[in-house]
Amino acid sequence: MANNKLPALPLAAVLLLALAAPSLAGDPDMLQDICVADYKSLNGPLRLNGFPCKRPENVTADDFFSGVLASPGDTGNAAGSAVTAASVERLPGLNTLGVSMARIDYAPWGVNPPHTHPRATEVIFVLQGSLDVGFLTTANRLYARTVCSGEVFVFPRGLVHYQRNNGATPAAVISAFDSQLPGTQAVAQTLFGASPAVPTDVLARAFQIDAGLVEAIKSKFPPKY
């Protein structure tokens, strides 16, 4: 009788696939030297996972430049923080390069509330001030410490994390991401400010609070769309 079983993968092939898996989880590799994002093409019917490329003859040095991180953001809000992104949406030369940056400014005692970046690991470099930072693993373990000016901290891809200015003077960091568009989901805004809204009874059961309190919290997070 013929043996129809497929041969087992050689050990070397298994190891190669295991090593390749992390690279497959990030942004796709570029296939040409440059692919400057063509924002005008988004007005048409074509939709891509990313942005179409400008024609090379239309590309200029300014497509690879931005001064967006030079100035502090406005921290006059309830959280006391401001995130200024330098992603592919604002810096077209980043398209297909798999990296981006952001600047985060904090008012005294300001907080960048718990959030995740579903498509990127984040590394922060503290420009000024002192921050209490932390992230939570899927086992619900908190890794937290204080970082000061000149120091670096890493938040692994997709894990909930936060930063808090622990001083009476402003603070600021520069963030680096291994994605041209890392995405951000703020935990509170996502749950209580969704559109359409997450059912109140679902949130009441999840947080073990009454429906009236859920509605009160929802009123603080109006939907963005």
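Begin by selecting Asp178, which counts as partly exposed at 32% relative accessibility. On this scale, buried means under 20% relative accessible area, exposed means over 50%, and partly exposed lies in between (1.4 Å probe, protein chains only). The model is predicted, so local features need pLDDT of at least 70 and side-chain atom pairs count only at pLDDT 80 or more, while totals for chains, interfaces and linings use all residues. Residues are numbered from 1 along each chain as its sequence is written, and side-chain values use heavy atoms, with hydrogens and water left out.

**Stop 1: salt bridges**

Asp178 and Arg157 form a salt bridge, their closest N and O atoms being 3.3 Å apart. The term requires a side-chain nitrogen of Lys or Arg within 4 Å of a carboxyl oxygen of Asp or Glu. This pair links distant parts of the chain, 21 residues apart: Asp178 is in the loop between β9 and β10, and Arg157 is in the loop between β7 and β8 (161-165). Strands are DSSP runs of E with at least two residues, numbered from the N terminus. Arg157 is partly exposed, at 28% relative accessibility.

The count of salt bridges comes to five. Select Asp63 and Lys54 for another of them, with N to O at 3.0 Å. Here Asp63 is buried at 8%, whereas Lys54 is partly exposed at 26%. Next, select Arg55 and Glu57, whose closest N and O atoms are 2.6 Å apart in a salt bridge; both residues are exposed.

**Stop 2: Ser179**

Return to the loop between β9 (171-177) and β10 (185-186), and select Ser179 there. Ser179 is buried, with a relative accessible area of 1%. The side chain of Ser179 reaches the backbone nitrogen of Leu181 at 3.1 Å. Beyond its neighbours within four places in sequence, Ser179 is in contact (heavy atoms within 4.5 Å) with residues including Asp27, Ser100 and Arg119.

**Stop 3: the annotated site**

Asn112 is in strand β3 (residues 111-116) and is buried at 8% relative accessibility. Not counting residues up to four places away in sequence, Asn112 touches Ser81, Val83, Ile104, Tyr106, Tyr162 and Gln163.

Glu122 lies in strand β4 (residues 122-128). Is Glu122 buried or exposed? At 1% relative accessibility, Glu122 counts as buried. Its side chain makes a polar contact with the side chain of His117 at 3.1 Å; the term covers a pair of N or O atoms within 3.5 Å, one able to donate a hydrogen and the other to accept it, and residues adjacent in sequence count only if both atoms are side-chain atoms.

**Stop 4: the nonpolar cores**

In soluble globular proteins, nonpolar side chains tend to be buried together. Select Leu131, Val133, Phe153 and Val173, which have the most contacts inside the largest nonpolar core, a set of 13 residues. A core consists of buried Ala, Val, Leu, Ile, Met, Phe, Trp, Tyr and Cys residues joined through side-chain atoms within 4.5 Å. Two or more residues come from each of β2 (100-106), β4, β5 (130-136), β7 (152-155) and β9. Strand β5 gives the most to this core, with three residues.

Finally, select Ala37, Val88, Leu91 and Leu94, which are included in a second, separate core of five residues.

How values were computed. Helices (H or I, at least four residues) and strands (E, at least two) are DSSP runs, numbered from the N terminus.
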